[in-house]
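Thanks for coming. Please have a look at it first.

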Amino acid sequence: MKEKLIRFFAGRYGNDSLNQFLFILELIFLALSFFTPNIIVSFLFFLVFFSYLFRSMSRNIYARQAENMKFIAIRTKITHTFKAVRKNFQETSYRHFICPKCAQIIRVPKGKGNIEITCPNCRTRFSKKV
């Protein structure tokens with residue numbers, strides 16, 4: 001029996017940061033379905049649950065890695081946006097911007113007017129009013 005389980009799980013994708021996010025989303029939908037019994041919340045719970053199972057049991061590792069990389073890029077843009085907003089409130093003499101290509105946080109001195117900012121990471125140029 002143990003050998004059958006080992007053979008079954010060999011070559012499966014497993015867990016990554018997107019699966020961890022889906023698991024947390026599952027728990028949220030499960031808690032919501034207990035407090036507000038709604039068919040839409042139950043449907044969303046099962047949709048997320050089966051996508052979690054599909055991703056973790058998949059043998060197509062390259063496709064799951066590509067999905068995970070897209071998720072990480074989106075998550076990075078969102079978290080860096082919140083960090084830049086927080087830093088704008090903390091520092092009064094600088095403005096913080098997000099590079100539209102790589103989501104790098106860039107610090108620029110205030111009071112310079114319209115300037116063209118070059119990202120030090122990816123060399124993307126974009127204009128902002130400081």
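What covers the buried residues of α4? Before I answer, a word on the source: this is a predicted model. The cover includes α2, α3, which is residues 39-57, β1, which is 94-98, and β2, which is 105-109. The buried residues in question are Arg-64, Asn-68, Phe-71, His-80 and Ala-84.

The protein chain has four helices and four strands. Reading from the N terminus, the order is α-α-α-α-β-β-β-β. Along the principal axes, the C-alpha atoms fill a box of roughly 70 × 40 × 20 Å. The radius of gyration of the protein chain is 21 Å, whereas a compact globule of 130 residues would have one near 14 Å. Of the 130 residues, 25% are buried. If we take contacts between residues at least 6 apart in sequence, 39% of them join residues at least 24 apart.

α4 has 30 residues, and its first and last C-alpha atoms are 42 Å apart. That is close to the 44 Å expected at 1.5 Å a residue.

Next, how it packs. Two packed helices are described by the angle between their axes and the distance between the axes. For helix α2, residues 17-35, and helix α4, residues 61-90, the angle is about 70° and the axes are 8 Å apart. α2 is therefore roughly perpendicular to α4.

Which residues in α2 and α4 meet? From α2 there are Ser-17, Leu-18 and Phe-21, and from α4 there are Glu-67, Asn-68, Phe-71, Ile-72 and Arg-75. By type, the residues of this contact are four nonpolar, two polar and two charged.

Let me stay with one of them, Asn-68 in helix α4. Is Asn-68 buried or exposed? Its relative accessibility is 10%, so Asn-68 counts as buried; the cut-off for buried is under 20%. Setting aside neighbours within four places in sequence, Asn-68 is in contact with Tyr-13, Asp-16, Ser-17, Leu-18 and Arg-55.

Now to the strands. Arg-95 lies in strand β1. Arg-95 has 27% relative accessibility and therefore counts as partly exposed. With neighbours within four places in sequence left aside, the contacts of Arg-95 are Asn-88, Ile-106, Arg-107, Val-108, Lys-110, Lys-129 and Val-130. As for Val-85, Arg-95 is 10 residues from it in sequence, and the two C-alpha atoms are 9.0 Å apart in space.

Most residues other than glycine have a negative phi. Ala-103 is not a glycine, yet its phi is positive, about 65°. Arg-123 is not a glycine either, and its phi is also positive, about 65°.

Where are they? Ala-103 is in the loop between β1 and β2. Arg-123 is in the loop between β3, residues 114-118, and β4, residues 125-129. As for accessibility, Ala-103 has a relative accessible area of 1% and so is buried, whereas Arg-123, at 61% relative accessibility, counts as exposed.

To recap the helix part: α2 and α4 pack at about 70°, and α2 is among the elements that cover the buried residues of α4. That is the end of my part.

How values were computed: Residues are numbered from 1 along each chain as its sequence is written. This is a predicted model: local features need pLDDT of at least 70, side-chain atom pairs count only at pLDDT 80 or more; totals for chains, interfaces and linings use all residues. Side-chain values use heavy atoms; hydrogens and water are left out. Axes are lines fitted to C-alpha atoms, for helices over the stretch in contact, and angles run from 0 to 180 degrees between N-to-C directions. Helices (H or I, at least four residues) and strands (E, at least two) are DSSP runs, numbered from the N terminus. Angles under 35 degrees count as roughly parallel, over 145 as roughly antiparallel, 65 to 115 as roughly perpendicular and the rest as oblique. Contact means heavy atoms within 4.5 Å. Ala, Val, Leu, Ile, Met, Phe, Trp, Tyr, Cys and Pro count as nonpolar, Asp, Glu, Lys and Arg as charged, and the others, Gly among them, as polar. The expected span of a helix is 1.5 Å times one less than its number of residues. Buried means under 20% relative accessible area, exposed over 50%, partly exposed in between (1.4 Å probe, protein chains only). The radius of gyration is taken over C-alpha atoms; the globule rule is 2.2 Å times the number of residues to the power 0.38.
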